[in-house]
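Please look over the points below with the coordinates open.

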Amino acid sequence: MNDLMSMLKCLHRPRLLIRAARFGVTEYNRKRDLRRLLKVSVPPSPGRAIVRLMNEESLQEEKRKTGDAGYSITRHVSLLIALMGEARLLGAGSGYS
């Protein structure tokens, strides 16, 4: 768990993306959002979700940095929202592993 939290703390993204994600995290619904973002029927544990979300988010970050036409700011912010939501669950020790 500490490794995941350390990895999350090392993420450095533009302030505007982070601010947008912070506004959205209050409406985060893991069942709905993980199903859409990760294309799964049953949400994985927060730890596993974070790993998958970080991989997806890093792809979006690379597209953003290179100016790729496939970059979606909506998807990028949604992934950051999900990362924040899952980090809260993991940090709260809510019985997930």
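**Notes on the model**

1. Arg32 is partly exposed, because its relative accessibility is 46% (buried is under 20% relative accessible area, exposed over 50%, partly exposed in between; 1.4 Å probe, protein chains only). Arg32 pairs with Asp33 in a salt bridge, with 2.8 Å between the closest N and O atoms (a salt bridge is a side-chain nitrogen of Lys or Arg within 4 Å of a carboxyl oxygen of Asp or Glu). Asp33, at 7% relative accessibility, counts as buried.

2. This is a predicted model, in which local features need pLDDT of at least 70 and side-chain atom pairs count only at pLDDT 80 or more, while totals for chains, interfaces and linings use all residues. Residues are numbered from 1 along each chain as its sequence is written, and side-chain values use heavy atoms, with hydrogens and water left out.

3. The protein chain has an average pLDDT of 88, and 85% of the residues score at least 70 (pLDDT is the predictor's confidence in each residue, from 0 to 100). Among the elements, the lowest mean pLDDT, 64, belongs to helix α1 (residues 2-9), and the highest, 96, to helix α3 (residues 30-38) (helices are DSSP runs of H or I, at least four residues, and strands runs of E, at least two, numbered from the N terminus). Where pLDDT is low, the predicted coordinates should not be read in detail.

4. The largest nonpolar core holds 20 residues, and those with the most contacts inside it include Tyr28, Leu34, Leu53 and Ile81 (a nonpolar core is a set of buried Ala, Val, Leu, Ile, Met, Phe, Trp, Tyr and Cys residues joined through side-chain atoms within 4.5 Å). Two or more residues each come from α2 (15-24), α3, α4 and α5 (73-92). The largest share, 7 residues, is from α5. Beyond four places in sequence, Ile81 touches Ala21, Gly24, Val25 and Tyr28.

5. The salt bridge count is 7. Glu57 and Arg13 form one at 2.7 Å, N to O. Glu57 is in helix α4 and Arg13 in the loop between α1 and α2, so this pair ties together parts 44 residues apart in sequence. Glu57 is buried, at 1% relative accessibility.

6. Arg64 and Glu61 meet in a salt bridge at 2.6 Å, N to O. Both lie in helix α4, 3 residues apart, about one turn of the helix. Salt bridges with shared partners join Arg13, Glu57, Glu61 and Arg64 into one network.

7. Pro43 sits in the loop between α3 and α4 (46-66). Leaving aside neighbours within four places in sequence, Pro43 is in contact with Arg30, Lys31 and Leu34 (contact means heavy atoms within 4.5 Å).
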